[in-house]
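Please look over the sequence and the model first.

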Amino acid sequence: MKVVVNMKRAAAVVALVAVLSGCSTVKGWFTDDKKAAEKAATEPVKLEKFEPSIQVDKLWSTSVGKGEKLLGVREGPAVADGHVYAAAIEGGVKALDLQTGKELWHHKMKDERVSAVGAGDGLVVVGTLSGKLFALDPATGEEKWTAKASNEIIAPPTIGQGNVLVHANDGQVLCFQVTDGVRRWFWNREQPALTVRGNGPVTLGPGLVFVGNDDGTMTALALNDGHALWDQTVGQPEGRTELDRMADVDGPPVIDGTTLYASSYKNATLAIDGPSGRPMWSRDKGGVAGLGLAPSSVVLSDKGGVVWALDKTSGGSLWSNQKLLRRALTAPAVQGDYAVVGDYDGYVHWLRLDNGELAARERAGGDPIRATPVVADGVLLVQNIDGKLTAFRIK
């Protein structure tokens, strides 16, 4: 009897091996499982279905021209006085009505690839990949003056206090007079051997210019002559390789009163007293392309796709959302009571500011969104790498 039982067991084992070998070897079966698990751990997470808690309406959508595709310039719109100014790599600049999307004018730059646009102080200023600047009349699109920067212009020009400030892609900051484009001063920063593609615009304070640098630091410059007032490290460029040491501060610093917030690719966010440069708090959470500023928190999306809210006063973590992992998120914008991010597949996600839960999701075309969404007068603007611009409003 015992022999029979053993024979049955042996037959069962042979049968099991035969079944498995019909597909692969036993070793291959478990190896495939491991490979599948490894693949799942590196691919963008699949979006889960959920019941939206808010209604988001798409106001309008339009093409502004041939988009950036794989150039990595994070091209987005600028808004001033109820008008949207949007550029495309090939297609020049368009002025649109914020509420309706109606085209007001279209200015084409012959033989120039337009890569950035800024607006303010009665001027629209466009930067190109050849390093040229074009200042346009916001009402008509008529060209008022031109100037030249030291390198390609990826960051949107910053306009205010009678000046146009440009952060060129070689790290140089240039200041031009808003009236005629005459250069007032420039400031240089030595670049690391390896940096993340692109940089952020400068941020203006009263008589001050705040610059995020590719070496992980932030610098305050005097607006009148460009001399450096203080320098502060946001992310330490540490590691064995140049890749490990990348610590770029690629998003624009954001200001709340006299406090300045900046974030680094090196997983670090710093709150700084703006006038003195004194650090107030530092946390090991970093945003790749900048921060969103909410009433009681700063919101960031890290390079792994985790969205974080940090307390503005202490830097303590208020919440995190890990449902968008590895989806190549944009920096967050804040629209009302919600943080908003775009992703690599054209989806736009609204998260509640009080607890980080997903509140709504819409799609703005099928191409990746790289530029930080822009909010103006309650309208959210999203531009993808194909040059499609879409406006949303929370109902």
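## The nonpolar core

In this predicted model, the largest nonpolar core has 16 residues. The residues with the most contacts inside this core are L123, V125, L133, W145, V164 and F176. Two or more residues of the core come from each of these elements: β7 (123-128), β8 (132-136), β9 (143-148), β11 (163-167) and β12 (173-177). In soluble globular proteins, nonpolar side chains tend to be buried together.

Leaving aside residues up to four places away in sequence, L133 touches V125, V126, G127, W145, T146, A147, I153, P157, V166 and F176. One of these partners, A147, has its place in strand β9. Because its relative accessible area is 14%, under the cut-off of 20%, A147 counts as buried. Between the C-alpha atoms of A147 and L133 the separation is 5.0 Å, and the two residues are 14 apart along the chain. With residues up to four places away in sequence again left out, A147 touches G131, K132, L133, F176 and G181.

## The protein as a whole

The protein has 395 residues, of which 51% count as buried. It contains two helices and 32 strands. Among contacts between residues at least 6 apart in sequence, 46% join residues at least 24 apart. The accessible surface comes to about 17900 Å², and carbon and sulfur atoms account for 52% of that surface.

## Aromatic rings

The count of aromatic pairs comes to four. Two of them are set out below.

| Pair | Centre to centre | Angle between planes | Arrangement |
|---|---|---|---|
| Y261 and W281 | 6.1 Å | 45 degrees | tilted |
| W350 and F392 | 5.6 Å | 80 degrees | edge-to-face |

Why is the pair of W350 and F392 edge-to-face? The planes of the two rings stand at 80 degrees, and planes over 60 degrees apart count as edge-to-face, so the pair gets that label. W350 belongs to strand β28 (residues 347-352) and F392 to strand β32 (residues 388-394), so this pair ties together parts that are 42 residues apart in sequence. W350 is buried, and F392 is buried too.

## Lysines over rings

Two lysines are placed over aromatic rings. The charged end of K285 sits over the ring of W308, at 4.7 Å from the ring centre. K303 lies over the face of Y265, 4.2 Å from the centre of that ring.

## A glycine in a loop

Where is the place of G101? G101 is in the loop between β4 (92-97) and β5 (103-107). Is G101 buried or exposed? Its relative accessible area is 15%, under the cut-off of 20%, so G101 is buried. Leaving out residues up to four places away in sequence, G101 touches W60 and L96. G101 and L389 are 288 residues apart along the chain, while their C-alpha atoms are separated by 9.2 Å.

Terms used: Residues are numbered from 1 along each chain as its sequence is written. This is a predicted model: local features need pLDDT of at least 70, side-chain atom pairs count only at pLDDT 80 or more; totals for chains, interfaces and linings use all residues. Side-chain values use heavy atoms; hydrogens and water are left out. Helices (H or I, at least four residues) and strands (E, at least two) are DSSP runs, numbered from the N terminus. Buried means under 20% relative accessible area, exposed over 50%, partly exposed in between (1.4 Å probe, protein chains only). Contact means heavy atoms within 4.5 Å. Accessible areas come from the Shrake-Rupley method with a 1.4 Å probe; for residues, only the protein chains shown count as cover. Rings of Phe, Tyr and Trp (its six-membered ring) pair if their centres lie within 6.5 Å; planes under 30 degrees apart count as stacked, over 60 as edge-to-face and the rest as tilted. A charge sits over a ring if NZ of Lys or CZ of Arg is within 6 Å of the ring centre and within 35 degrees of the ring normal. A nonpolar core is a set of buried Ala, Val, Leu, Ile, Met, Phe, Trp, Tyr and Cys residues joined through side-chain atoms within 4.5 Å.
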